[in-house]
Amino acid sequence: MRARRPWTGWGLLVGVALVVSGCAIGGDTPGEFPQNALDPAGPIARQQDALWNLVFPIAVGVFVLVQGLILVAVIRFRDRGEDAPPQQVAGNTRLELIWTAIPALILAVIAVPTLGGIFALAEDPGEEALAVRVIGKQFWWEFEYLGDEGQGVVTANELHIPVDRPIRLQMEALSPQVPDTFDEEDPDASRSDQSMEGVIHSFWVPRLAGKQDVIPGYERLMRIEADEPGQRYSGQCAEFCGLAHAEMRFEVVTHTADDFETWLDEQAEPAGTDLEGLAAEGQELFGAHCVACHALDGHPEDAEIRIGPNLTHFASRQVFAGGIFDNDDPEQIAAWLRDPSDAKPGAQMPDLGLDDDQISALVEYLQSLE
Amino acid sequence: MTATAEQPTTGQGAFRRPTATTGLSSWFTTIDHKKIGILYFVTAFLFFSLGGIEALLIRAQLASPDAAFLTRDQYNQLFTTHGITMIFFGVMPLSVAFFNYLLPLMIGARDVAFPRLNALSYWIFLFAGIFLFSSMFLGGLPDGGWFGYAPLSILGGDPLGETLGASSAPNVRMLFYSVGLQLAGISSLAGAINFIVTVLNLRAPGMTLMRMPVFVWMSLVTSVLMLFAMPIIGVALWQLMFDIGYGANFFNPAQGGDPVLWQHMFWLFGHPEVYILILPAFGIVSEILPVFSRKPLFGYTAIVFSGIAIGFMGWGVWAHHMFAVGLGPVANAAFALSTMFIAVPTGIKIFNWIATLWGGQLRFTTPMLFAIGLVAMFTIGGLSGVTHAVVPHNYQQTDTYYVVAHFHYVLFGGAIFGLMAGFYYWFPKVKGRFMNERLGKLHFWLMIIGFNLTFGPMHILGLQGMPRRVATYPDGMGWNFWNLVATVGGFIIALGFLVFVINVLKSRKNGVPAGNDPWDARTLEWTTTSPPPPHDFDVIPQVTARDELWNRKYAAGGPGRQPMRVPSGGSADAPAEPGAHDPGAGDAHDIHMPDPSYYPLVAAIGMPIMAYGVLFTPILIAVGGVITIAGLFGWALEPSAEEH
């Protein structure tokens, strides 16, 4: 009945576990892991990571202790065919008190910075912060820059931010559809009795901050901040939100304060209209097929009646349709226009029945929207 | 139960009461806790296998980036159903199978308190499972996550229906979820009441609460948790059913409902549910470790009270599933503290188990390997659980594969390892034959290697930013390697279970015969025959100590205070009393057991019919209702078989 050499198996097991945990802390190069939560790139994520750096070694210590004790017990106390049973020890109050008290003490040590962190992260960043309204839709993210500074700029899939300045995200979830009976004069009233609200999403850029769920019917606040300009940080929706949940991605693009101001001014400009050739054809087609859902000026209507992403400066972005396609690739734009729900199952844009010539014209036009 | 012969029997009842206790038909009418236990195990294992196949399909899809093995729609159905299957139709009823078979045997009783109610629980559970899986052919499996977050569960995952065709309104798939789980909940509630009454009222003379085996204690705590948790999810599911099916708006924010309310109700059930899944396994290892260490459980009192403490504190931690919802810093701080605090009683158990091994004579049989496996693997799950309580970092961890890794270390490394340990341990009691040890050990090593390969890498994936519930992931995220490893591990686990099934099929007929007490065990179930007679014990045992059987076999105080074996049937200070302790000596003729009954099955059959009525046509609600009520009347007026 006795396993011949039980300890070899356990040794292997502990070895595997150590290697696994070793890999988890091991340094990863950021380029290879664009969403690595262990590689923070801003003060919020660093604050969160610091707590991980506190609790992980403690967990490894307890892991080694417990598995070590099991290993020792398994080797030392294996049955050697003794006749009489061992001494029948039923407990030891002092030992039991010790292993009740010590874990409690360790947990108290972890609890103090945890509580401090919870309250620190919940602080409002105040006046100096840049305020951005974030709207989660099935299945893409919209960003609206608020206040005088924001100039009403609306963009999608890419959140541009200045470095070394807290960003105050005011987040809500809306339905991708607008009901026929929507009353533009009184959006609040319409909202209360129409299915304007979307489903739950969760905003997550691992290298800048942990998650905040975006809940229909509520406004949720979140703070992010980045250190380094000229970076693109990958993020994605982290709460299951339907068919294309996996394809609800986005990027955060960082600028110096000056560059950001320039970017914002450019975005506030209306789209160029002085076009020729194929692009002009595309412009006409856009007017006929697309404007019902996609705004083209820098100062669009209420968020409640915006349907698709604002395309005023489509070509200034690198990704589209939930951050999964490449704006520079005419093929990908064409494939999307041909059949959106084939390119991205669950996409809410209808198939417009465009022919190949129309698609080429529209691609040309979209790529001219710098 | 032993004295029904003197009672006047009622002459009413539409049909003669069935009497067969063997043969195929007996399985439909049985109210014997042992047969129902076997039914529970076989059925739950079939559902568990379905859940495993779902998991393999999920892993196949995730083995490589940008995969198209499954569509998004299929993936969402599979991951949702995997969770539902494993929790409600796999692990929970597997535990209930052990409660059924073992509780009466371990407390020295002849059956559970309400044998027909027990049968009703089983049939409702079976029909709930069939009902839920029938959705596959009636619009699709549920696809809104096992957590069914509103409003997605109300609206469906494809609002415009461009991909799935006309958007199904109402959302039939999640209607199946809300109605099917209500059925499963009725089964759990009936079972919970039955087990609580059984443990509290049917213990053998001398078996005080603090002499009960730890498995009985943990079953009691689990049953109490079920009794209070099931109504909460029942109410929530009822409301969701009305939201989806009848346009109510409890959780729909577009109409003034509150989606966060659903989350509170779901997790107020959902967290105690975690303990419902794990505590029975804790009870099982607390039986097995002492037997194969040949030592009593170290710190019995501490283990019992820490189990009770977990049962209480488990109600105060639910919002740790919701740290990223934005409940505010005060709520998050409170739930962080309660979550850390619950690690203390869990730690007590781990250290007491190790102390049980310490100084013993460890025999590495298959049940012992699985039991030690639980202690080692659950520890990892417990530690990652503590890291979850560090709320600021939880914002990074939540909804990633790190959480998937954590709860599989708890529910697979904990619950499944424990249930497997229990299966190998008690199989000789149930079948009178040992499982094959060679295959058993092969099963164990395949499981523990496959398990760690599957779920270990998920810690890394989660921290590297891979969210849960994604149908695919792009190349270039650095997730390819560990996902492939996890998939390989998943198939190794499947191989392990294949070995298990072969072992069961081989051993049930051809295994090495086992006597009444093949493991030199310590508790009452090993005093009766293997398999036990229908009435469990010829003579209800008298209990004088916590490890009753061990105390009958060994006397304290040999050289070096080591116990000595005493002659069969007595102890050094209490010489054998013929007939009192010897299971073979009693006279089984005067024992009256309750007769089999059709009515639990009849009453249960009406329920899925009513459930289909909610989905398709109200007429079925009436038809099912009539059948169930007829079944209950028949049940109430049923004659006993004696008069025939």
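Helix axes are lines fitted to C-alpha atoms, for helices over the stretch in contact, and angles between N-to-C directions run from 0 to 180 degrees. This is a predicted model, in which local features need pLDDT of at least 70 and side-chain atom pairs count only at pLDDT 80 or more, while totals for chains, interfaces and linings use all residues. Residues are numbered from 1 along each chain as its sequence is written, and chains are lettered from A and ligands numbered from 1 in the order in which they are written.

**Figure 1. Packing of helices H7 and H9 in chain B.** Helix H7 (residues 214-246) and helix H9 (residues 300-313) of chain B pack with axes 10 Å apart, at an angle of about 10 degrees. H7(B) is therefore roughly parallel to H9(B) (angles under 35 degrees count as roughly parallel). Helices (H or I, at least four residues) and strands (E, at least two) are DSSP runs, numbered from the N terminus. Among the residues that make the contact are B:Trp217 and B:Met218 of H7(B), and B:Tyr300 and B:Gly307 of H9(B). Two residues are in contact if their C-beta atoms, placed from the backbone, lie within 7 Å. By class, this contact has 10 nonpolar, 2 polar and no charged residues; Ala, Val, Leu, Ile, Met, Phe, Trp, Tyr, Cys and Pro count as nonpolar, Asp, Glu, Lys and Arg as charged, and the others, Gly among them, as polar.

**Figure 2. The buried face of helix H8 in chain A.** In helix H8 (residues 330-338) of chain A, the buried residues are A:Ile333, A:Trp336 and A:Leu337 (buried: 20 or more other C-beta atoms within 10 Å of the residue's own, with C-beta atoms placed from the backbone). Seen down the axis of H8(A), these buried residues fall within an arc of 95 degrees, so they line one face of the helix. The arc is that of the directions from the helix axis to the C-beta atoms. Strand E12 (325-326), helix H9 (340-343) and helix H10 (356-368) of chain A are included in what covers them.

**Figure 3. Where chain A touches chain B.** In this view, 96 residues of chain A are in contact with 97 residues of chain B. Elements of chain A that each supply at least two residues of its side include helix H2 (43-76) and strand E7 (209-214). The residues on that side divide into 59 nonpolar, 26 polar and 11 charged.

**Figure 4. Surroundings of A:Leu208.** Leaving aside neighbours within four places in sequence, A:Leu208 is in contact with residues including A:Ala41, A:Ile224 and A:Tyr233.

Terms used: A residue is buried if 20 or more other C-beta atoms lie within 10 Å of its own, exposed if 12 or fewer, and partly exposed in between; C-beta atoms are placed from the backbone. Angles under 35 degrees count as roughly parallel, over 145 as roughly antiparallel, 65 to 115 as roughly perpendicular and the rest as oblique.
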